[in-house]
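Subject: Structure handover

Dear colleague,

I am passing on a structure that you have not worked with before, and the notes below go through what was found in it. Please read them with the model open beside you.

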Amino acid sequence: MAGRLILVGTPIGNLSDISARVEQALKECDFIAAEDTRVTLRLLNHLGIKKPLVSYYEHNKRERGAQICKRIMAGESCVLVSDAGMPAISDPGEELVAMCSESGIEISVVPGPNAAIAALAISGLPTGRFTFEGFLSMNRRSRREHLESIKNEPRTMVFYEAPHKLPATLEDLLKTLGDRRLVIVRELTKLHEEVIRTTLSEAVLRYRDESPRGEIVLVIEGAAHPSGQEFTLEQAAEAAAALMEQGVSASEAAKRAAVETGLRKSDIYRVVSR
Ligand code: SAM
């Protein structure tokens, strides 16, 4: 292995989620850039791997990123990991990947667990189209702007949240989005994994005084339809037919048109499969 950056996903709670490719990448690289070297050292000790570590985190990412790029360009291979899950997803790494790609460095990925995707999959809410909203800012103005921008978002939305901020966040979400289905996904892949299927208004009451513990993802139903826009069954069937012309199956096309228009998949499917 020489001269490249390898993004490696690590477990979000359960060490048995380490794949053979993760182990191989960690063994074969020249050095590892880690968010918190103590956390990564525990992972390496678990695997019995010894490897030079450098820290790469929010407050040193500019200068450390440049040093890492330089080493890679001189022929070394670098694995990038964060404390948990996929590096660069609400974690340090986004800038390093951009820096490396601008410098023409080869980048590869060993995909691993990601809390947002796992929570979306288990939520039971529509998954055909979704948005990842990350963490809401603590800065009042950018928080309000973020919330306003998603008010009419028709796609399922996925948020990361810290438990102690949950009560305030739920109140803000209810105020801006109105009542919606909400799935609170806690402690994925860990002993106390839990999926709470509720609504924003119920959750505001339930967690007013006490937040759930551990790590949390919020999955929220999209707006019923973009503001003021109502679709007819005929329009939905046309959208599905256009997808079918591109080779999408009738079932998948009806599903995507249903997400787009807020109409029922079975009704659209009945029209396009006639
Ligand atoms: N890079 C990570 C990923 O790929 O999922 C996300 C890192 S972000 C700094 C941490 C947030 O991810 C937590 O605050 C929580 O919202 C979510 N998270 C991480 N692990 C989780 C778990 N086991 N269960 C539920 N949410 C989790």
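**What the model contains**

This is a predicted model, in which local features need pLDDT of at least 70 and side-chain atom pairs count only at pLDDT 80 or more, while totals for chains, interfaces and linings use all residues. Residues are numbered from 1 along each chain as its sequence is written, and side-chain values use heavy atoms, with hydrogens and water left out.

The secondary structure of the chain comes to 11 helices and 10 strands, where helices (H or I, at least four residues) and strands (E, at least two) are DSSP runs numbered from the N terminus. The C-alpha trace spans about 60 × 50 × 35 Å along its principal axes. Of the 274 residues in the chain, 42% are buried; buried means under 20% relative accessible area, exposed means over 50%, and partly exposed lies in between, with a 1.4 Å probe and protein chains only. Among the contacts in the chain with a separation of 6 or more, 70% are between residues 24 or more positions apart, a contact being heavy atoms within 4.5 Å.

Another open sheet of 5 strands has the order 6-7-10-8-9, and its pairing is mixed. Strand 6 (130-135) and strand 9 are the edge strands here, each pairing on one side only, and neighbouring strands of this sheet are turned by 20° against each other on average, direction ignored. Strand 7 and strand 10 run antiparallel and are joined by 5 bridges, with Val217 in strand 10 as the bridge partner of Tyr160. Helix 7 lies across strand 7, strand 8 and strand 10, running at about 10° to strand 10.

**The nonpolar cores**

In soluble globular proteins, nonpolar side chains tend to be buried together. The largest nonpolar core has 19 residues, of which Phe159, Leu170, Leu173, Leu182, Ile184, Leu218 and Ile220 touch the most other members; such a core is a set of buried Ala, Val, Leu, Ile, Met, Phe, Trp, Tyr and Cys residues joined through side-chain atoms within 4.5 Å. The elements that give two or more residues to this core are strand 7 (156-161), helix 7 (166-177), strand 8, helix 8 (200-206) and strand 10 (216-220), and helix 7 gives the largest share, 4 residues. A second, separate core of 16 residues includes Val8, Cys29, Ala34 and Val110.

Leaving aside residues up to four places away in sequence, Leu182 touches a set of residues that includes Leu170, Ile196, Leu200, Ala203, Leu218 and Ile220.

**A helix pair and some single residues**

Helix 10 (residues 250-261) and helix 11 (residues 265-272) pack at an angle of about 130°, with their axes 8 Å apart. That angle makes helix 10 oblique to helix 11, since angles under 35 degrees count as roughly parallel, over 145 as roughly antiparallel, 65 to 115 as roughly perpendicular and the rest as oblique. Residues that meet across this pair include Ala250, Ala254 and Ala258 in helix 10, and Ile268 and Tyr269 in helix 11.

Leu205, placed in helix 8, counts as exposed at 61% relative accessibility. Leu205 and Glu171 are 34 residues apart in sequence, and their C-alpha atoms are 9.3 Å apart in space.

Two residues other than glycine have a positive phi: for Ala88, in the loop between strand 4 (77-81) and helix 4 (94-102), phi is near 80°. Glu187, in the loop between strand 8 (181-186) and strand 9 (194-199), has a phi of about 50°, and Glu187 is buried, with a relative accessible area of 14%.

With best regards

Terms used:
Axes are lines fitted to C-alpha atoms, for helices over the stretch in contact, and angles run from 0 to 180 degrees between N-to-C directions. Two strands pair if DSSP finds at least two bridges between them.
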